[in-house]
Amino acid sequence: MALMPEFVFLIRGGEENPQDFSLQELQVHVNKYFAWIEELTQAGHFKSGQPLAAQGKVVSRPAKDKVSIKDGPFAESKEAIQGFFLIQANDLNQAVELAQGCPVLDLGGGVEVRPIAVEIAQGLKEKME
Amino acid sequence: MSQNNFLSHQTEVNQWVDALFRHESGKLVASLTRFLGLSYLELVEDAVQEALLKAARQWPYRGIPEQPTAWLWQVAKNQAIDRLRREKTLATKLSQFVQEIDQYTHLPEPQLAYEIQDSLLRLIFTCCHPILPPEAQVALTLKTICGFSIPEIARAFLILEATVAKRLVRAKQKIREAGLPYEVPQGSELSPRLETVQEVLYLLFNEGYSASQGDRLIRWELCREAIRLTGLLVEHPAGDTVQTHALLALMLLHAARLNARQDEGGHLLPLAEQDRLQWDKAMILKGLHHLEQATTTQDLSEYHLEAGIAACHCVAPHYAATDWPGILHLYDLLLKLNPSPVIALNRAVALAEVAGAEAGLEAIRQIQDSATINSYHFFYATRAELYLKLGDYESACHDYEQALTLTGVPSEKDFLAGKLAACQAKLAGG
């Protein structure tokens, strides 16, 4: 059986002022997510998901012998990644269609749909077998 | 924590998740306040809000944790600790809090459930403390126990958000300054305090039920919350009195009929035209059960009588089968306990059913000079109905017009305008 292509949905932004939400509105939002995931799960698309914490560091090497470590206030940025989902779909078109159900869109956020490089993954799998 | 989590929990969770955040919020605030005291109410509320925000950010990705309540408790507790840690002056408070709360977390499940319920009762008695004015009691109850936001409270009562915010700040300040203990009152103190709590819950229910103004969904939510809190009260030894049972009965017996009160277009339906199949039978049975519990002693309160009247309506299979003499008798008793013109008006309706429209009108004449009643649209609508029955279309038209000027609710305006038009047609047709 051919492996079904996998995609990562990177969930961006959409949470500019969550503290302005009433608990009822938060609840409605979370329930929308659950309904969406439930749908994906029933149809065999959902594999897993993880939220990302707001804190973290950015490590870079601006000069040859210098390492820079900066605090990242990730949650504040409008473009910040809030979390990701691992999704199975037939192809990119279908994945994009599935992403359109993501409730983050209702809050002005976006979903970045990225195929996992299948060739490599399959190659590795064959090797392991 | 992958797809299985969603599959196994989802169906079960969907049934109670609708108000999970709001209800858990009240429980968490109540429990944490027990350890920190009422002077830290603000800090506790912030910590709980943050915990729920975290849940809203994380649960969508991983599904609801196996024990959502424990998860929220853990996070809220840590948030409170973080907040205490930020203040150097609170070091003693912090270490004491950490020690005490640890024992609490390890209580066995049934005991923990009891402690949470007990904490909620303490919070209810605090929010309904007589040092606070009634409107502050209601606002604080909704905010702190029911997890309503300030805009939601403002929408429910058609007041400015700033007004709600001010009420809450003042109420909390008053609680701090008075140094109120966080407890369920005992002994001779209990009975008058319980009465205040019952009054606040009654007010909360009525605000939702009477639907005079404001957002309909939110108002229905007020009814549900009033029923929930009264249910909590009646299950606690301190609140388990015949009056509380009667109060709960009256709420259930009214709420059971809410669904049938409007047609699909949102138009109000009078009792006679309601589809009784739409009444919530399970809720009626529950209400009758509590009414029975309420009559185990000789005590008779207004709640008993109002519940009794609601019960008469609920058990009538159709309008014509309503026990009007029974209802009239209950109104007579009610009027003795509380000689209010609004009750007298309702009694006149029952009287008209028993002894005819003329008798009803005569009873209304006796109260029509009262200042509270003649600015009340229901007074004119009721009188118009009786004039209509007697064929006095001119007087009826006049009263419908008067009623129309006194209500701002669209569904009521529609209803009255329809009645007025029908009445005018009769008048024109001779």
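Okay, one definition before we start: two strands pair if DSSP finds at least two bridges between them. Keep that in mind, and keep in mind too that what you have on screen is a predicted model.

Let's begin with chain A. Pairing in that sense gives an open sheet of four strands there, in the order β2-β5-β1-β6, and the pairing is antiparallel. Which strands sit at the edges? Those are β2, residues 46-51, and β6, residues 110-115, of chain A, and each pairs on one side only. From one strand to the next, the twist averages 20°.

Now zoom in on one of those pairs. β1 of chain A, residues 6-12, runs antiparallel to β6(A), and the two share six bridges.

Over to chain B, and some helix packing. α6(B), residues 109-127, packs against α10(B), residues 190-210, at an angle of about 80°, with the axes 9 Å apart. Angles from 65 to 115 degrees count as roughly perpendicular, so that's what we call α6(B) relative to α10(B). On the α6(B) side you have I124(B), F125(B) and T126(B), and they meet L190(B), R193(B), L194(B) and V197(B) of α10(B). By class, this contact has five nonpolar residues, one polar and one charged.

Next pair: α7(B), residues 134-145, and α9(B), residues 161-178, pack at about 95°, again with axes 9 Å apart. So these two are roughly perpendicular to each other as well. Who meets whom? From α7(B) come E135(B), A136(B), A139(B), L140(B) and K143(B), and from α9(B) come R167(B), L168(B), A171(B), K172(B) and I175(B). The class count for this contact is six nonpolar, no polar and four charged residues.

Last stop, the second largest pocket. Rolling a probe the size of a water molecule over the atoms shows where empty space is left. How much space lies in the second largest pocket? About 1500 Å³. It is lined by 50 residues, and the closest to its centre are A19(B), L20(B), H23(B), E24(B) and R228(B). Which helix gives the largest share of the lining? That's α11 of chain B, residues 216-235, with 12 residues. Sorted by class, the lining has 24 nonpolar, 11 polar and 15 charged residues.

Technical notes:
Residues are numbered from 1 along each chain as its sequence is written. Chains are lettered from A and ligands numbered from 1 in the order in which they are written. This is a predicted model: local features need pLDDT of at least 70, side-chain atom pairs count only at pLDDT 80 or more; totals for chains, interfaces and linings use all residues. Side-chain values use heavy atoms; hydrogens and water are left out. Axes are lines fitted to C-alpha atoms, for helices over the stretch in contact, and angles run from 0 to 180 degrees between N-to-C directions. Angles under 35 degrees count as roughly parallel, over 145 as roughly antiparallel, 65 to 115 as roughly perpendicular and the rest as oblique. Contact means heavy atoms within 4.5 Å. Ala, Val, Leu, Ile, Met, Phe, Trp, Tyr, Cys and Pro count as nonpolar, Asp, Glu, Lys and Arg as charged, and the others, Gly among them, as polar. On a 1 Å grid over the protein atoms alone, a cavity is a set of points where a 1.4 Å probe fits but cannot get out, and a pocket is an open set with protein on both sides within 12 Å along at least five of seven lines; lining residues have an atom within 4 Å of a point. Grid points are joined across faces, edges and corners, and a volume is the space filled by probe spheres set on the points.
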